[in-house]
Number of protein chains: 2
Amino acid sequence: MEPGPLGGSRPAERRPCLSSRLGADRAASASLLSAAGAEPGRRPLAVAAVLPAGGCGERMGVPTPKQFCPILERPLISYTLQALERVCWIKDIVVAVTGENIEAMNSIIQKYHHERISVVEAGVTRHRSIFNGLKALAEDQPDSKLCKPEVVIIHDAVRPFVEEDVLLKVVIAAKEHGCSDYDLEFGTECLQLALKYCHTKAKLVEGSPDLWKVTYKRDLYAAESIIKERISQKICVVMDTKEGEEPVGHLLEEVLKSELNHVKVTSGALCHASGDLEQIISEQCYNFVCVNIMTSDFQETQKLLSIVEESNLSILYPVVVVSVHFFDIKSVPLSQKMEDLMWIREFAKEVRKRNILLCGLLICYPQDEQKLQESLRQAAIIIAALIKERNSGLVGQLLVA
Amino acid sequence: MEPGPLGGSRPAERRPCLSSRLGADRAASASLLSAAGAEPGRRPLAVAAVLPAGGCGERMGVPTPKQFCPILERPLISYTLQALERVCWIKDIVVAVTGENIEAMNSIIQKYHHERISVVEAGVTRHRSIFNGLKALAEDQPDSKLCKPEVVIIHDAVRPFVEEDVLLKVVIAAKEHGCSDYDLEFGTECLQLALKYCHTKAKLVEGSPDLWKVTYKRDLYAAESIIKERISQKICVVMDTKEGEEPVGHLLEEVLKSELNHVKVTSGALCHASGDLEQIISEQCYNFVCVNIMTSDFQETQKLLSIVEESNLSILYPVVVVSVHFFDIKSVPLSQKMEDLMWIREFAKEVRKRNILLCGLLICYPQDEQKLQESLRQAAIIIAALIKERNSGLVGQLLVA
């Protein structure tokens, strides 16, 4: 296996669009969007978004502007772009950043395979940055590849948890109430400006508590925990055996289900045509427990790592892979088994470059039923800790349950 | 070593009081407090605090009321009590909780050795809870052991990061402006009530950004990260050698200093009269790296663990202890060394009961200078991960750098 560079060299896989994945929601969006402004037979409403991101984040107390602060090593603004990108009916997304950050912004777009994004230079104030974004969307720009939209969503670059439903409400309200673009800001400051200078009938659309803004350092901590929690909701247990063939892998799966009761535990097999694993990856599962039973080495883990690397899954989030091995303390000394598995250190170093966090887990396999349950429970606690913390400092370690 | 129960059976050690530790600040508080209301020769201003804690935390989205939600396994309200307790000039602290939580509240006070706390039953509204707290402080209660205060601070149970300076400002403003107790609330709702019903000259005292309220689940995440960060600021490296005697322990200390540049790294020795280690513990260092060089086993770590256990340090926060061992891959096989150190698993299980998180760390000690530096750097990364995450799921593991 020859890991390549993280981004750039691979074909950009089209990410699943939120509303195409959720069939019912898509129909609802489509009907609402056409109800919002279209006569029968007219093309769907053209929507774009402008993200002012020229701030310096002085309240954060850190030197990096907050929109560029890393969460799990990825800049905050990339999470916001990801949230907007998932909404198919937003045709163009324009980001306004200061001149000195344009290059960095373009690198972010490339590294994380963002699509439909244009970068413009920010103005000296937030409103001037919004104006620059709107200008880029206007059709009087001769060399522009952007479509002139009917509605523009103005969205803070530091509100990463925006959902499609609130964006839809904003667009419909804009169409119905004829607000100016400024009114679409989720705040009151802009509504007041609209009232004062434009005498426009502004409409305040209620957001959800998730729509909060990253302002202080504590918000960055909160955002990190929320993101970690979201990507820790699913674990896929990969086994080289079929059900009934060798029960201990399935026992581990059962213990994971009962110990980690907020987590959805599924299983996939590599020996079948690997369709089900690809399905699990496409549903954004970022945690894999790979049970190596039939072979004494790590063939199963190697196969899994290749599939994960191929899939581009780890471009946006670090993927945790725990390579599980069983040993019977009566037949092989623990130290011998550990020595055999030391390969994991070098291997983990390699896949770390591709944002995959690999650890080994040795589970003691005593004949005593009760002791086995205790070992498996201990294994589940260790797996939960590795998935929760997602700390790259622990990659390559061989843990023992 | 015979670990006893976590709380209760030991003599409650008096915790250092914030303003007695900070000499200059103490003088300032004393002079401000006497300036605030006292004629020459008069006794210092009597101050108490009331914490309404009868809410059910419905916005949190979790079944436990937010003031009882655990952070590092300790309920949030205990952190708030700790913040108020550190302020010497607050004589009494009255907590109002619902009838069903009185027993739990008393257990919290006992388990975490809180002092100067009284518990009263909450009313049906927040203001009635405050009223119940004030009633307990009034001198017309015949069996009360509380002193009747001149100023009462009303403080939310879910604002754990309150500092002495803002409390002092509030007390001085109360004395100068003659506000009612309700006005001391850090919000506007109560100020409006005071204006409407009491025609009282309310005064709004500016707080710091740290004075935020835990309202949503994300705030609990933020609070946990802030607390973890605060107790990860200091690492004490404990060695069984003197400077110059065996350089590798000191090399590790140097690498820790350069790799973890936000952390204060100090060192203490156990072989001297252990005064300096006790000093470090009294200054609230919650992270220890114990280097075992002179003895091939874990005598040094055992000594350190005894001292930490004796000190009551781990009552409020989990203490991380990393037992470091060096091995020369040419003279002893890694597997042999690992086998020798497997005792750590059982030992960690024991001290875990006392809120001490013990892990082992084996550092490869090659002759090559550059490779040694790389091993030490790797060790620093692992130590940083263990201290940052403070995850009890990883205790007893033997990690390799």
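## Basis

The model is predicted: local features need pLDDT of at least 70, side-chain atom pairs count only at pLDDT 80 or more, and totals for chains, interfaces and linings use all residues. Residues are numbered from 1 along each chain as its sequence is written, chains are lettered from A in the order in which they are written, and side-chain values use heavy atoms, without hydrogens and water.

## Chain A

Chain A has 14 helices and twelve strands, taken as DSSP runs (helices H or I, at least four residues; strands E, at least two) numbered from the N terminus. Of its 401 residues, 54% are buried, that is, under 20% relative accessible area with a 1.4 Å probe, protein chains only. Contacts are heavy atoms within 4.5 Å; among those in chain A between residues at least 6 apart in sequence, 75% join residues at least 24 apart.

## Nonpolar core

The largest nonpolar core holds 235 residues; such a core is a set of buried Ala, Val, Leu, Ile, Met, Phe, Trp, Tyr and Cys residues joined through side-chain atoms within 4.5 Å. The members touching the most others are Ile90, Phe288 and Leu361 of chain A and Ile90, Phe288 and Leu361 of chain B. Residues up to four places away in sequence aside, the contacts of B:Phe288 include B:Cys236, B:Val238, B:Leu277, B:Ile280 and B:Val322.

## B:Ile235

B:Ile235 belongs to strand S7 (residues 234-239) of chain B and is buried, with a relative accessible area of 1%. Beyond neighbours within four places in sequence, B:Ile235 contacts, among others, B:Leu260, B:Val263, B:Cys285, B:Ile383 and B:Ile387. B:Leu260 is 25 residues away along the chain, with 9.9 Å between the two C-alpha atoms.

## Interface of chains A and B

Each chain is represented in the contact, with 32 residues from chain B and 32 residues from chain A. The buried area is about 2,800 Å², 57% of it from carbon and sulfur atoms; this is the accessible area (1.4 Å probe) lost on putting the two parts together, summed over both.

Four salt bridges cross the interface, each a side-chain nitrogen of Lys or Arg within 4 Å of a carboxyl oxygen of Asp or Glu. One of them joins A:Lys217 to B:Glu229, with the closest N and O atoms 3.2 Å apart. On the side of chain B that touches chain A, helices H8 (217-230), H12 (334-340) and H14 (369-389) and strand S12 (398-400) each supply at least two residues. H8(B) gives the most, nine residues.

Note on methods:
Buried means under 20% relative accessible area, exposed over 50%, partly exposed in between (1.4 Å probe, protein chains only).
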